[in-house]
Amino acid sequence: MNPTDTSHPDYFHKVVDCQWACPAHTDVPEYIRLIAQGRFTDAYMVNRKSNVFPGILGRVCDRPCEPACRRGRVEKKPVAICRLKRVAADHKDEFLDRLPPIPQVKNGRKVACIGAGPASLVVANDLMPLGYEVTIFEQFAEPGGLMRTNIPSFRLPQGTLDEEIGAIVDMGVELKLGHRIESMRQLLGQGGFDAVFVGSGAPKGKELDLPGRQEGAANIHIGITWLESLAFDHIKSIGEKVLIIGVGNTAMDCCRSSLRLGAKDVKVMARKPRQFFKASEWELEDAEEENVHIVVNRSPKNFVVEGGRLAGMTFDVMEYDIDARGRITAERVTGEEFIPADDVILAIGQENAFPWIERDLGIEFDKWDVPRVDPSTHESTRPGVFFGGDAAFGPKNIIWAVEHGHQAAISIHQHCQGLPVTERLPPGVNLQSRKMGMHEWAYSNEYSAVERRLMPHVSLKERFKKINIEVELGFTAEQAVEEVQRCLNCDVQTVFEAKLCIECDACIDICPVDCLTMTPNGEEAELRTRLKAPARNVTQALYVSAPLKHTGRVMVKDEDVCVHCGLCAERCPTAAWDMQKSHVKWPHAADQPSAARLPDQK
Amino acid sequence: MTFIPKPKIAHPSLPRNDLGLTRRDYEGALSTLCAGCGHDSITAAIIEACWGISARPENVVKLSGIGCSSKTTAYFVSGGHGFNSVHGRMPSIAMGANAANRDLHYIGVSGDGDSLSIGLGQFCHAIRRNVNMLYLIENNGVYGLTKGQFSASADIGTRAKKGDVNQQPPIDPVLLAMNLGAGFVARSFSGDKAQLVPLIQAGLKYAGFAVIDIISPCVTFNDHEGSTKSYAYTREHTEAVVAADFVPLQREITADYGAGEALPVVMHDGSRVVLRKLAEDHDPSDPHMAYHSVQQHLARGEILTGLLHLRPTEKTEFHALNRTPDQPLNQLPYAKLAPGSKALEKILARYR
C-alpha cells in the first residue's frame, strides 16, 4: 500500500466516526470535552455552529452518530451523544450575545424561504449575518414545521422550540405566519426575491386504500395530520381501543400520544418481524415501556364498519422465510385475524407534494413527481430556486434538514453574488499536538470503564396526567460526569512520523487493543490478514506509514478499535507518535472566501 | 513509564489459546522502564511465547536479581510465581525452587550486570548443574540503573553517551555458555520478535539449561552513534544463521522445509523445534563448530543470531543426574518426604 495521505481532509475526519456520520458534522468529542469541563455554554455553541438546534436535537435527533460511535465497537453501547447535547442545552447560560452580529446595512439581496421548518430556519441563520433580507412564509400560526407539528410535546417541550427558533427569528427574519404559498409563479413574478428556498417538508401522509376506508373515515386518521391537529389543540380525545398501522417513528409518536388522550388499549400493527422495523430502537423501547403492544406479522386487509361506525380491522397473519443474511426470501398468509378498534391511525410514511409549483416554470420534476435537485448545491433546474429538508429528497430527519439548509445557504450566497454555485470552499482539517509534558496530554486519556448511563424518566403514573409532561428528565450532574468520560476522544489523532521511528516496538507492545503492527508492506487485502489482530472491519481505514529507516518495513495502524489512550505516544522514545487534535473545518456560507464583497454592497 | 493504567479492554477478535486465554491474560503490571527500552519488547515476547505454548500462568515461575532487567518479571504473567533475589544470586534461587518442584516453567530474567559481573559465578554454576530453566540475559552493555557506566559486555571501542571509549574486553555469554557445556545457546535481539518468540518457546520446552542472550538497547544511555548495542548498530551488524521454529505437540510439521535443510529436534514433551540453517558455515548441532563460527564472526564485528547451538542434554539434567523423585516435593506423601528419626539413624550409621 502507498503511505496514507493524512493531509486529505477526509482521512482524520473519518476516524472521528460520530462526526463523520453526522450529516451536519457536529464536532462531538470537542463538545463532550467542554461539558466535562463544565463549559456548558461553550459546548452549546460548538453544537449550534453545525446543528443550530442543540436543545431540540438533544431530545429528538435520530442520532446517526451513536451507531457509528467507536465505543460501541470496544464495548456494548455507544456514548449517549444525543443526550449529552441536551446536557449542554439544559445548563447553558445566556448565549444570544455570542451569535454573529447582524449588519444594520443590508446587502440588498432578498431571499424567500417557504415553510418555517428546520431547513428554512438554518438558511436564515446562515444568511442573516451576511446582510441578507430573509422572509419565511409559514402556513401555520407558529414556526417550527414538523418539529412543532409532528413531535409531541411530551418529547419536545414548546419552550425549547420557542427559544431556539426565536434566536434565529430575532436576527431580523421577516416571518409571515399563516401565509400559505399557493403559487410559485406568483412568488417568483411579484415577490422581488433574488433567491427562493423551498423547505416545505413532506407534508402528505400516505393513504391506505382498503375496503371500508370511506365508510369508516370518521375514525381513521392520517398519522402526521392527526399529530398536527393535536399540536394545535384541535383534538382532545380518542377512543379506548386504538390501532396504529405502521411501525416507524411517527407510529411511535401516535401510539404514545393516544395513551395521553385517554386510550386504554393501543396496538401497533407491523407487517414484518421486529428486525425490519423502521422506528429507532430507543423509540420502540420508550413506547413499550408505556405498555404499547407491538403486534408483528399482521398485514392490513380491510377496515370493518358496523352500523356506520368503525369496529376494527381485519389482518392477514403473515409468515416469512428469512435467510442467513437476514433477508426475506418468501412470505405466506397463514390465516386471518379481526382486531376491534375505535380509532385507527395510519402511520405508513409520508411524501413531499408540490401542487403549488406550476410545472412550466423551468423547475423540472422526475417521473415520481419529485423535483430534480442537485444533491450538493440543492439547486433545482431553475437557477435561483433551491430545495432542502424533506422537500428535496423525501423524508429524512431534522439533522439532514439542518445540513441541507447550510449547503443551500452557501449556494444562495454564491448565486446572489453571480458566482457559480458549484464553486464551494472544500472542507479542511487542522492538527495540533496535545503534548503537555513527559506523560501529560491536554485531554483526559485515561479509559473509563463505566457503562452507558440510563436516562431517567418521569414515572409511568405521573407522565400521563397532562399531554405535555416531558418524559425524559435529562441526565443528572452525576450521570453527565460519568457519561462524558466514556467518550474516547477520537478526534485526538495518533499521528506517526516515519523518519523518527527507531523500530523499538514500544508502541506495539503497549497498545491495549492491538491496533499497531510493523510488517513488510503488501496489498491492503493481504496486509489486513497479517496484522497483530486481524483488521476485519474494512470500512475503517488502515494507516500505513512511509518505509521505516532501519528495516524498510511499514508501521500499520488499524483505526477500527483504537481507544485514543495515547499510550503509543507516551511509550515512544523519539516522539514518532504524537497525539494531535484534529479540527475539521466544515465550511458554511460565512466561510466562503467571497463573503465580504457583494458586488453592490452599500 | 506511564501515568495511566493500561485500559482493561481488548481487541474483540483477539485470538485465544488452548486454555481459552488471550495475550492480555499473560500481562503483568505496567512497566516503569524508560519509553522505548528493549526490555519491554522482551517482556512482550515472553507474554507472546507463554500464550503461544498455552502455559498455565500458575505454572510459570519468574526469577530475577537486581537491575533494570530484573524489574521486568513484574511486567508479565501476573498469575505466576515470582522471586526477586539479591543481586546476581537469581541462579541459586532458581536452583532451589527447581529442586523442590520440577513441574514448573522457570524463567530467569537477568542482565549483563547481574549475570556477567556480580553474578558471573552463579551463572557459570547454573550451567554446570544443568538446571532445567530458561535463562534470559537482557544485554544492553551498560549499567542503566546507575546512569550508564560500561558493563562487562561492552565491546572494545564502544563509546559511552558522554564520549568515553571502552578499552576492556567483553565477556560474551554465548561463548561462555558453550564453553561450559550448555546444550541450548541462542542469541537474539529485542527488536526482532519473529525470531525471539519461537526461541523463548523452544527454551521453555528444552529439558535442561537454556540460555538466550538478547541484545536489548538501552534507549536512554546506549542508543547513540558510536554505541555497539544501539538499535541501528544491532540491525546493521546481526546476521541470523539458524532459524528455530517451535512446533507444538499437536501440530504436524508441514512440508515447508526442503529435505536436508530442516532439522527437527524433539523436546522432552514431544513438541519439536525445527532448525533451519540460514548460513552454510554454521552448524548448530556441533558445539565446537558453533563456538568457532560465533568467535570468527565476532572478530569481524558480526553478531550471529538464532539458536546457535542445540544438543539434547536431558541425561545430565539436574534431576536426572541426582535421581530425584518424579513428582514435586509438595506432592510426595509426608512419610516419604520425612522418613523419621529411625531412617535418619540408618543413614548416619552408614558413616560411623
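Helices and strands here are DSSP runs, with strands of at least two residues and helices of at least four, numbered from the N terminus. On that basis, A:A324 sits in the loop between β11 (309-322) and β12 (328-340) of chain A. The model is predicted. The predictor gives the complex an ipTM of 0.88, and the pTM is 0.88.

**Confidence in chain B**
- The average pLDDT of chain B is 90, and 95% of its residues score at least 70.
- Residues 253-260 of chain B have a pLDDT below 50.
- That stretch, residues 253-260 of chain B, still has seven contacts in the model beyond near neighbours in sequence.

**Where chain A touches chain B**
- Chain A brings 30 residues to the contact, and chain B brings 25 residues.
- On the chain A side, α20 (506-510) and α22 (567-571) each supply at least two residues.
- By class, the chain A side that touches chain B holds 17 nonpolar, four polar and nine charged residues.

**A covered helix: α9 of chain A**
- Helix α9 of chain A spans residues 118-127 and is mostly covered.
- How many of its residues are buried? The count is ten of ten.
- The buried residues of α9(A) include A:P118, A:L121, A:V122 and A:V123.
- A:S120, A:N125 and A:D126 are also among the buried residues of α9(A).
- What do the buried residues of α9(A) pack against? Their partners in chain A include the strands β1 (110-114), β2 (133-137) and β4 (195-198).
- Helices α10 (146-149), α11 (158-169) and α17 (398-416) of chain A are also among these partners.

**Helix pair α4 and α8 of chain A**
- Helix α4 (residues 40-51) and helix α8 (residues 81-91) of chain A have axes that come within 8 Å.
- The two axes cross at roughly 120°.
- Angles over 145 degrees count as roughly antiparallel and 65 to 115 as roughly perpendicular, so α4(A) is oblique to α8(A).
- The crossing of α4(A) and α8(A) is left-handed.
- From α4(A), the residues that meet α8(A) are A:F40, A:A43, A:Y44 and A:N47.
- From α8(A), they are A:K85, A:A88, A:A89 and A:H91.
- The contact of α4(A) with α8(A) is made of five nonpolar, two polar and one charged residues.
- An α-helix has 3.6 residues a turn, so residues three or four places apart point the same way.

**Helix pair α13 and α14 of chain A**
- Helix α13 (residues 223-231) and helix α14 (residues 249-260) of chain A pack at about 45°, with axes 10 Å apart.
- Angles under 35 degrees count as roughly parallel, so α13(A) and α14(A) are oblique to each other.
- The crossing of α13(A) with α14(A) is left-handed.
- On the α13(A) side, the contact is made by A:G223, A:I224, A:W226, A:L227 and A:L230.
- On the α14(A) side, A:T250, A:A251, A:D253, A:C254 and A:S257 take part.
- This contact of α13(A) with α14(A) has six nonpolar, three polar and one charged residues.

**A:T149**
- A:T149 belongs to helix α10 of chain A.
- Is A:T149 buried or exposed? A:T149 counts as buried because 21 C-beta neighbours lie inside 10 Å, and the cut-off is 20 or more.
- Beyond neighbours within four places in sequence, A:T149 contacts A:F140, A:L227, A:E228 and A:A231.
- A:T149 and A:C254 lie 105 residues apart in sequence, with a C-alpha to C-alpha distance of 12 Å.

**Positive phi at A:E503 and A:D505**
- Most residues other than glycine have a negative phi.
- A:E503 is not a glycine, yet its phi is positive, at about 55°.
- A:D505 is not a glycine either, and its phi is positive at about 75°.
- A:E503 lies in the loop between β19 (492-496) and α20 of chain A.
- A:D505 is placed in the loop between β19 and α20 of chain A.
- A:E503 is buried, with 20 other C-beta atoms within 10 Å.
- A:D505 counts as buried, with 23 C-beta neighbours inside 10 Å.

**A:A324**
- A:A324 is exposed because 5 other C-beta atoms lie within 10 Å, and 12 or fewer counts as exposed.
- A:A324 and A:T160 are 164 residues apart in sequence.
- In space, A:A324 and A:T160 are 45 Å apart, C-alpha to C-alpha.

How values were computed: Residues numbered from 1 in each chain as written. Chains lettered and ligands numbered in written order. Predicted model: local features only at pLDDT ≥ 70, side-chain atom pairs only at ≥ 80, totals over all residues. Contact = placed C-beta atoms within 7 Å. pLDDT = per-residue confidence, 0-100. Nonpolar A, V, L, I, M, F, W, Y, C, P; charged D, E, K, R; others polar. Axes fitted to C-alpha atoms, helices over the stretch in contact; angles between N-to-C directions. Left-handed = near helix turned anticlockwise from the far one by under 90°.
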